[in-house]
Structure formats: C-alpha cells, structure tokens
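Biologist: I am new to this structure. Could you show me how to read a few of its features?

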Amino acid sequence: GRPGSANEGLILFLVRFSVRVESYLLFIIEHIRRDAYLERAGAAYEAKIRGLPGHSEQALLVDLQEKHKNLREVLEEGVMTMLFDWARLAARKKDKLLNECCRAHAHMAILYKNTPPGKMASRDISIFLSSQIFLNMNHRWFNQKRSDSKKKKKNIVPDDWLGISEFELYDTFEAKRSWIAKWLRENKENASEVLNCVERVVTFRGSVDHLNPGELDHDVQWVEVDDVPGNFVPKVGAPTEAWRTARKDEDFHSWLLRMTLGPPACSGIISVNIGRYITKGEGMQLLPDWALDSAEYIEGFGQPNVHVSDKEITANRYWKEIIGHHHDIMLWCPDVRGPEADAGVGGTAAGGSKRRYHPSGLQDSEKWMPEVLEPVRARVQALAQLDLFFKGEVSDGPDAQAVLYGVLDSEVGEGKSRKRVRTIKEVFMQRQPPLVEVYDVREYGRQFYRCLAFSSDTKWSFHAPQGSEKMLFSPLANSWVLATGSVDQLVESTFSVMVYRAVVERFGRQMYMPTWMLQGLLPDALLERYSFWRSEKEGVGAMLVGDEIEQCDAPKRIRITIQRDKEGGKYLATVERFSLKEPKDKSKKGRYCLWPEDTAKEPEVLINLRNNPGDLAMLLARVENFSQVLAWAEKGPTAALKRIEIPRLGLSFSEAGGRLRCEQHAGFWLMDRKCPLEVQRLVAQWGGGTLLLEDDCGEMIVVVSATAEPLRPAAYGAPMAGVEKYLPGQLVFRSGKEEWMKNLTGGACHYHYPVHPSGAFVFTPTLSAALYLLLCRFLTWHFSDVVAMASTIGEITTNEEQQLWRQLKLLELDCHADAIACRLHLSLAMLQYGGVMMPPWDAQEQFRQYLRKRHLVSADCALSLAQEQALLDQPGAGTCPELKLRSAVLAQLKKLDPAPLPVNLGPLVDDDGFDRTVDKSFLTDVGFFGRLTAAVTGAGDALY
C-alpha cells in the first residue's frame, strides 16, 4: 500500500486492530503473572477478575508471552518500516498528502502505546517525539467543523481524520512525556542526536534516519533551558542568567514577551512539555482559522497546509510570516472610528463639496446629468432617497463623466447590540453610453477602497454586481437595459486579512489586491485570468502587476501604471500586456511571477472602448458585456488596434489587412460593409445580439452568444402599460448567469449559423443552435419560421438543450393566435419521443385556446385536420366539451367526398427555345463548388 491509495484505510485498520490485540494480550499476561491486574500491594483480592486465567496457568503464560513477542516483532519491524516509508513519501508531497502524513505519524505513535518507557531506545524516542510534535503542528485537534460536517453527512470520513481517537493519542503522549524529558536530561550526548532528528522531521528537511537531498546537517548541540524543565534549545542560543533578569524600567508584559520570544540567536525550541517545535517568535504553527476563512487569503495564496510564525503583534494587527514561502499575512481589527475619521474619504479633502445635487439647480456643463441619472432613480428607490453631493468637476461633451457621493446612515441590530452604521456611496455616471454605477466605500486594512455595488446597465459595465435585477428604460439609448446590484446595503467594518509577498526582486514587497477591490475598474475578463499585486517599491515602473492564475501555453503579464493627466486632475491608468519567456531554471517553471518578460515581442496596450464608443464598440456590445471584451492595441503614438478578445465566448479577432479576422472561423472577418436587406430581415429574427462574419466569396456567418439568455422586458418585471406588455418589442440579453453557464456544453460558448447564398435562411449545425434560434424567433414573433422549424427538432438530451427547451415555458402566456398554434406544432413534434420530451405547457389547454382563436390564425401557422386529430387522440382530450365538439366536426369532415375539383389554368404559353443554350458561366464563379457542397451537406438541416 501507499498513502492516499484505496487500500490505505484497510491497512491502517489492521494496524490499529493489532495494537488492540496486543493491549489485550498484555492485560491477560499481567493478570496471569500477578494473579490480578494491579501490581499495587494490598489490592490483589479486589483487582482479580473472575473467569480470567490466574497464577496457576504458567504454561498459558509462556505461550502468550511468545505470541506477544512475535506480534511485537512484526509491529516494530514490518509495520513500523511501512509507516515510516509512508510518512517519508507523504512529507515529500506535503501540499497534497499532508493529511495522509499526519495519519502515518499518528499510527507510528500508537505503536508505542504498549511499550514501557524503559524499553524505548533513542531511535524509538526520536520517532515517538517527532510524531507527537508533527501532529501538534500539522493536525487540527478536535476540529469543530469536522464534527459538524460528520453530523450533516453521515458515513462521510473527513480528509483530516486520523483514524485514531484523539483522546487516546493524548493519553499515549502524556503517559511518556515525563519519562522522555528525564531521559533527554540524563543522556545529553544522545539527546542532541534525538532532537536533531525531531527538528529534521517537523521542518520537512528529512526523516529520523536521513536528510533530504540537498539539505545540510547542522549537528546542533541542544541543552535544557534553566528554570524551564522540558524545553530544549540550541546551545548557541541558550538564554543566559542576564537575559532572564528584568531590565531597567521593563514592565512585566514586556519581560514576559521577551522571555517567550527568546534571545535573538535562538533559532528554535523543542518543548517536550507541550510537544511543540517553537520557532523565533510565537513558534511555528498551523495556519490560523481566520486566514482559512478569508476569501482574500484563498485568492491571494490559497494553500491551507502551511506553517506560520508571528512577526509582530500590536493592539490592532496580527502579523504572521508563512514559513518557507516568502509570504506574509496580516489580520487587522475593524476600524470602529468610521469613515469620518479620515478627512480624505467623501469629504472636501477628497474633492467633495457640500453642493447638493438637484435636477433644477445645475450649471450648463451639468445639465446632461438628469437625463442619465433620473431614469435610474425613478426605478431604484434607495438611490432616489439618497442625498447626493458633487465631488470634483463635471465635464461636458459626449464623453462627459461625473461623480457624486452620499451617506447611507441607519441603525442595525436589536437591543444592546443595536448600533449605527454609516456607509459612503459614490455615484459614477457617464453620458455616452449612459451608465450609472454606485460604489460602496469599504474599510480594508485601515484604508478605504471602493467596491462596485450597483450598475444601471450590465452591457457597458466592467462588472455585474451580485444582487437583485431590474429592467430599466434608458431614454438616451431608447432601449431597455438590465441593471443589477443594490444601493441600500450597509457595509460594516470587519476584520481584514491582507496577503503580502516578496518573491520578485524587481517589484519588491507587494500586497495582494482582492478581486472585489478592482471590480468595475478593470474588466472581469482580466480579473478571472490574472491575480493582481500592488508594489510598495518606488520606481518599479508599475503600480499593479497581474500574474497568470492558471497554467497556460502562452503566459502573459499585466502591468498597470497610474499617473495624472497633463492638467493634473484625473488619474489615468495604462494597462499593458507583456509576453513571458520560459526560464532556464526548472524550479521557476510553475511560478509565472518569476518568469522574465520577452523583450523580443512588443507589449500590447488595453483600449477602453467604453469611452467615446464608436461603431466597433456598439457592434461588440451586441453579443457580450464589456466586462468580457478586451481590445488590445500596439504600444506607440499611433495605438493602432491589433487584437480583440471575447474570452467567455471563445472568440478572438486579429487585425490583418485593415480587417478584423476571426481566429476561430478561418477565412472570415467582421463584416465591414452595409448588410444586404434580405440578411437584415434574417438577422432580425434573433432580436439583436448578433455579429456578422464574411469571407472573400461573400459567404456570411451569423454569430450569437450562447451565454446570453434572451429575455422580454415585460416578462421580467419591466414597467409597461396596456397592450405594450403583449407585444414582442426589444429583447434584453442577460449574459453570464451562473445557472445558465453551468449547463452549457464544453467548448466555444457561441453559436454560428452559416447563411444561405440567397440570404433567405440559415443552417443550424447543432440542435442547441437550432433551439436557441427557435427561442429567439418565438420571442420576436416570427411565428411562421417557428412552425417551419418544429418538425426539424430532434430528441433533446443534453443539459444545454433542456435548458433552452425549458425557456419556452416563459412564452406560455403569449396570447397571440399564431403563438398558440406554434406551441401546438411543437407539442406534435415531441409526441414521437413520449412523455419524457413533452413541452413545458398543457397541450390540451393550448388546443382549447386555439379553437377559440382559430379564425385569427394565419395560414402558415394553422394546424391541418390530421394534426388536430392527433391532438384529439391524446389521453384526456375526450373530457372537455369543446374538444368533444371539435372531434365530432372532424369526424363529419372525413365522410365528405374527397373527389378532386378541376381547376382551369388558362391557355399554355409556348416554350419554344426554352433552355436551349448551354450556360457554363458557373465554372468561372469563385467559390461556387464550395457553396454547392455546403448546401448539399447542410440541406437536411436547413430551417426556413
């Protein structure tokens, strides 16, 4: 076996079972030898157990002693060697097998449960003591979270379960603690050897018998600390009598802290009393729970099985070093003083003013603000109730921006815990495209940062905040938009966990920037791929550095520099992307932060298409939110567009010959000419959300986002009145919803539809693409196209297909006569697949509505008599009077004479000379055969 294997649990069970058998054997042996189980004088009569062999069973005693000797040899040789190898193997892979290593050490320790202390040799003491200290430093004893999870999930074994009762291990350690301390005190020469072995094991530098390759043997001499029996330190760093003496004007707290930390030369303490290896400071400990429970730590470092030691402890901060990783973590207590303690937050020192915002009292450069802000305030009550004040200057022009701020003040809690909480809200607004964003000012590490809380239009925002969703109408854009987030949330000061690193000499010490801190400032596409660190070193040329989070084939590095504009007003950020080259040192291959930049390749600069949006920005906004659109340009004065990436859709375009060529669809580029009229009518069936690609032959492809859920504003709570609720109108596309995304099939998250040369219809390569087009056609009231597609829908199997099929449920309330007929056509198409694939509506109820509006149904959507009969033949149709009557009518229609009626077509035109000329001009038509092949192969999937 080996640690982490499938048979690990069975093998360790047999080890524990053998120790239990040995305990019982020793109990019987001692009972026979003493005729009782207690050696104490005067207790023989009371301690004797009836039914167990006594002093007269000497032959049995010899036999049992021989069996115990054989069992002990197996445990000390075969089993101990196996566990020893397991622990050594798991220690080498501690990042993945630390829990398995703890289990191996726990079972090595329990093998000595029945060993009298006097029979333990120096190697036995080394193994036992190192196992105890290793467990104390790497295992979470009596973990309440582990106990709670076992109660919730029965028969689930936690990863850090030792397999042995933790009380039993504690009892074993305690039984031998005093004797081991005495043995180390009396055997000073052997004690140093034992303690060096212990230090080697607990610091992962080797095992009891060997050092790891490349490790140096320091051969330290250890001594016991005077006045602290059981604590051993290296002789070089042992505290002297002068060190223990209180200094002048030194209070008790300072003296006790100095005694705990030890002299500067003291590199480590092995305490037999508590079974710990204590490094400089508070000692080497497991990562505290407050770090494990922190999202910032998980994002910035993430490794749970590391050791830390204290660097500094103050009234409001705990500063710990992650041993061996060149990272630090800090825990800051919440700042109870509130934002008003910092004059630069929301006040006049930060560019704020006491001039209140009111739509009727604005200057000429500010009169555009109500057109953007007031429609949002009308729908968001919390924003309407917030008193807003101007912050900074307001510019004019198409790219105008403005910042307001307000204070949300309220009491939270009940009884004695009731308190007042104040949260500063910063409102950012942009004129074109019209956008309103609300940021919460949060305290983090005794500094204040912005956190995006609300966006009035997820299409143009760099992040879609979590929270409620609303449909808003934008008068400037003349369209419905999707707003997300909340404005009424109070943000209390909490404990802050900060992560630092010092691994790259060029950038110096860096602080990890949590994702929430950059949301809304940088596109989510960058935050999902890179982890950002803020440099504290001056003159590094970059304030923020982004490193790749996942392994990739062509790693990049993001560098962000921040500086003021020429007028000294706004701060401007320049986002650059550098290619990396693989280092020669193999030890650095897994850490992209240590890779050098490839100077042979020019860096790229990110373009903010949201400022002054042109035709390209408006085109890209059709298929994806700007949080997932990256436009890169060449670095230089021209800043020519070089590349566009839409990572969530799996699309990218590179500039070549003045065109943006698609890298996923070879030979196609973004159409740069006016769309033909017939194709415009075809594209209208998707209700927006499309891109058109074209190639050299004039062939076109329609590309739509598979991550975008099409919605009707009226069906999603948009405030509409009267008949407007029942008209198709504009569609709103909700992109990136987690529930929607998880059902998508792997691969590119977009659908592409080749357009027929006639421009009259498209081909659907997959059933998912067909269902998405069907859904959009239904939403946009292209009913005749829906009917034509109904018979082409195949069996729905994947989660993606089922998700699109379920969306048709939202259209059940569409009362248009043709919509009812379309639902019936889809019901008929699914009859061949049985009840499993029935549509999400009651077909009999739909048929009743159809009969009431049959005179209003168009000819393209009307059901044939055979189709009506197929619906009437379904179970339950005979119980409704309306359906009974229609069934009787159909029965009478079948009895009518089906004889054909003659039709006079008039005189026939002479066809002399028709098709007499041999026309071979098609041979010179470029791409004709390619289009012909595509038409033939896709004819079966063509949807009209």
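This is a predicted model: local features need pLDDT of at least 70, side-chain atom pairs count only at pLDDT 80 or more; totals for chains, interfaces and linings use all residues.

Biologist: Which strand is joined to β27, and how do the two run?

Modeller: To read a pairing, look at the bridges and the direction. Here β26 and strand β27 (residues 659-662) run antiparallel, joined by 4 bridges. They form a hairpin with 2 residues between them, and Gly657 in the turn has a positive phi of about 65°.

Biologist: What about strand β25 and β26?

Modeller: Strand β25 (residues 641-646) and strand β26 (residues 651-656) are antiparallel too, with 4 bridges joining them. In this pairing, Glu645 faces Ser652 in β26. The hairpin of β25 and β26 has 4 residues between the strands, and Gly650 takes a positive phi near 70° there.

Biologist: Let's turn to a charged residue. Is Glu800 buried or exposed?

Modeller: Glu800, found in helix α22 (residues 799-807), is buried yet has no salt bridge. A salt bridge needs the charged atoms within 4 Å, and the nearest side chain of opposite charge, Arg806, is 11 Å away.

Biologist: With which side chain does Glu800 make a polar contact?

Modeller: With that of Tyr751, at 2.4 Å. Beyond its neighbours within four places in sequence, Glu800 is also in contact with residues including Asn743, Leu744 and Ser768.

Biologist: And how many residues has the largest nonpolar core?

Modeller: It has 66 residues, and Leu808 and Phe778 are among those with the most contacts inside it. Apart from it lies another core, of 62 residues, including Val19 and Leu129.

Terms used: Residues are numbered from 1 along each chain as its sequence is written. Side-chain values use heavy atoms; hydrogens and water are left out. Buried means under 20% relative accessible area, exposed over 50%, partly exposed in between (1.4 Å probe, protein chains only). Lys and Arg count as positive and Asp and Glu as negative; His and the chain ends are not counted. A polar contact is a pair of N or O atoms within 3.5 Å; within protein, one must be able to donate a hydrogen and the other to accept it, and residues adjacent in sequence count only if both atoms are side-chain atoms. Contact means heavy atoms within 4.5 Å. A nonpolar core is a set of buried Ala, Val, Leu, Ile, Met, Phe, Trp, Tyr and Cys residues joined through side-chain atoms within 4.5 Å. Two strands pair if DSSP finds at least two bridges between them.
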